[in-house]
Amino acid sequence: GAYHGDTIGTMSIGSIGRFKNLYSPLLFPVVWTSVPCAVPDQPERESEQLEHWTGELERLFELHHETLAGVVIEPLVQAAAGIKVQADQFLRRVWGLCRRFDVLLIADEIAVGFGRTGTLFACEQEGVAPDLLILSKGLTGGYLPLAATLVTDEIYDAFLGAPAAGRTFFHGHTYTGNPLACAAALASLRLIEADHVLRNASRLAVTLAEELAPLKRHPQVREIRQKGTMVGVEISRAGEAYPPEMRIGHQVTLACRRRGVILRNIADVIVLMPAPAMPESLVTELCQVVCESVAEVAV
Ligand SMILES: Cc1ncc(COP(=O)(O)O)c(C=O)c1O
């Protein structure tokens, strides 16, 4: 379920066929592995998964470490996969293996960054310092398009030298460093601090869990996955997926729309990703609309 974007490199590392198949002759070779999922209330199963997939990753490192350019991961949660929350400590295990085998760790925090998982950056929760940190969306609060690639000094210095040495990283775009977008980012960063947005996000995480709790008992809700303010409500019927042509997830979002809320589904998963700065009352309303819409449609 990896998704990292739609340029050639990022499509290459994505694993969702419909987003990239058209371009398959152009894509780079990639080694994929599965990620152990969080199993709430079943710590033993979660740790079994963690051990299994860490072992598999170690095997892949042994085979490929000499040719890997880096390891790319969405820390803690795979968003576009349908809010797949990873087993606790998996990220740290990945980091440990990267350091042991001298492979760069690239953390894609485009979706999870800026408070969405409970800390400013998701990597912080497992004490992980990636070699490259990719940021966007929350950087400007979504108001203007801006992305940033943060790197360690070691990587930065690798591109320094006399012009004749040809070490310059020639990879610029028309709107690189766009002043307006940067001003929006600076304003947004100031607001994150001044308005205690991280504290608000923690409150919202509790509100989301409480307000969506009734859905756990709904027979057509297979699972509610949550990390911070990122939530995926997966709909199924008697444990089996609905027929795809019913587009049940889409039907739920249409029912939400009739109630004045615009939400997105990823197949049969209803995605709630309220802005970390959102007032609590709006999040309560959001959850109530989701509960009502699921009850109306998923029968
Ligand atoms: C985790 C993640 N990485 C990368 C991207 C792609 O970002 P962009 O569209 O800015 O290239 C997205 C977009 O949704 C994303 O969720």
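Here is a short walk through a helix, a pocket and a loop residue.

You're looking at a predicted model, where local features need pLDDT of at least 70, side-chain atom pairs count only at pLDDT 80 or more, and totals for chains, interfaces and linings use all residues. Numbering starts from 1 along each chain as its sequence is written, and side-chain values use heavy atoms, with hydrogens and water left out.

**Stop 1: helix α6.** Select residues 197–216. Helices here are DSSP runs of H or I, at least four residues, and strands are runs of E, at least two, numbered from the N terminus.

Stop 2: Select A38, V39, P40, I224 and R225, which lie nearest its centre among 30 lining residues. A pocket is an open set of points on a 1 Å grid over the protein atoms alone, where a 1.4 Å probe fits, with protein on both sides within 12 Å along at least five of seven lines; lining residues have an atom within 4 Å of a point. β7 gives the most to this lining, with seven residues.

**Stop 3: T117.** Find T117 in the loop between β4 and β5. At 4% relative accessibility T117 counts as buried (under 20%, 1.4 Å probe, protein chains only). Beyond its neighbours within four places in sequence, T117 has contacts including L76, K227 and M230 (heavy atoms within 4.5 Å).

Definitions and conventions: Expected span 1.5 Å × (residues − 1). Buried < 20%, exposed > 50% of the residue type's maximum accessible area, 1.4 Å probe, protein only.
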